[in-house]
Amino acid sequence: MHEQDSPLKLDSTLKQDSTLNEFYEDVVRGLSQSQKTLSPKYFYDAQGSRYFDQICQLPEYYPYRTELKLLPTVARELNSYFQQQAIDELNVVEFGAGSLHKIKPLLEHIPAIRHFTAIDISGEHLDNACQELQKLFPDLDIQAVQGDFTQPVSLHSSQATRLGFFPGSTIGNLTPEEAVEFLRSARQTLGTGSYMLLGVDSKKDTSILHQAYNDSQGITALFNKNILQRINRELGADFELSNFEHQAVYNSAKGRIEMHLRSTSDQKVQIGDNSFTFKQDESIHTENSYKYTTEEFSQLSQGAGWVTEEWWLADNNMFAVTLLRC
Ligand code: AVI
């Protein structure tokens, strides 16, 4: 009995170790650059995912609710489109699936969706969300894949036409070069004849953007700082959270919101054998959130081999959803 148990334990310990090693190496590499950086993918541990869900409910954070309001219209029109194309079996593959709120309008309005593959880095959060979704849609064939959505994924083979789904403007958290890379890799994952439905945040008044990323309740600040707490917890670092300040600014030349954690004093932080010094006001760049015009984004996706089929725009052009075809 004991001997049979060991290999399994060893396997999961090794997997945990290699994930932790990768995290450690990424953090050390990022903090060793002249502009210190941390990858936004590390925001999303269980606590970070909960903070993000809270951000989505904030009055200032327009992208979530604006897209959610637009999606039933998108879904109804997509249903007619797929009917016209005689497509009667779809597998929706959601990249960075999170809490699975956005898939619901599609499932409600597009009966051809028989399969759903949800890819997300936060395994526990994803499993819980998939269980809840299964209760609402008992006949839906659901596959949960824990992983980095920017990497190619091998999908169950089936006859179903694949529809990639990447809502929330998460594509804006990649640089334009990374976004092209991601769209290329998604094209490989999904295959010829597939489609991709994407949420894209539009360029707009700077004050609206500023408020969305500097909310009055300070939830975005907690979300930003949680990355340091995660490094303390998982890598045994000694970041003093009160010595860092959340900062989000719109960089108009680059068309992106930049999030930083600014050191409020000269200080030193220890992570394993590495120590990092921070000057007062020196920042760690934690996230970019790119905003696009429809023309800019169509050009970007064309560079990755996709053809733009349709754009849906929210009121006042606050947010947009696009359908791509490959
Ligand atoms: C997930 N992503 C699209 C969010 C955004 O707006 O860029 C992440 C976020 N960062 C701060 N608030 C929300």
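A: Helices (H or I, at least four residues) are DSSP runs, numbered from the N terminus. This is a predicted model, where local features need pLDDT of at least 70, side-chain atom pairs count only at pLDDT 80 or more, and totals for chains, interfaces and linings use all residues. Residues are numbered from 1 along each chain as its sequence is written, and side-chain values use heavy atoms, with hydrogens and water left out.

Q: OK, which way does H6 pass H9?

A: The crossing of H6 past H9 is right-handed.

Q: At what angle do they pack?

A: About 50 degrees between H6 (residues 176-190) and H9 (residues 294-303), with the axes 8 Å apart. Axes are lines fitted to C-alpha atoms over the stretch in contact, and angles run from 0 to 180 degrees between N-to-C directions. So H6 is oblique to H9 (under 35 degrees is roughly parallel, over 145 roughly antiparallel, 65 to 115 roughly perpendicular, the rest oblique).

Q: Which residues make the contact?

A: Pro-176, Ala-179, Val-180, Leu-183 and Arg-184 from H6, and Phe-297, Leu-300, Ser-301 and Gly-303 from H9 (contact means heavy atoms within 4.5 Å).

Q: Switching to H2 and H8, how do their axes cross?

A: At roughly 160 degrees, coming within 9 Å, for H2 (residues 46-56) and H8 (residues 219-235). H2 and H8 are therefore roughly antiparallel, and their crossing is left-handed.

Note on methods:
Helix = DSSP H or I, 4+ residues; strand = E, 2+ residues; numbered from the N terminus. Left-handed = near helix turned anticlockwise from the far one by under 90°.
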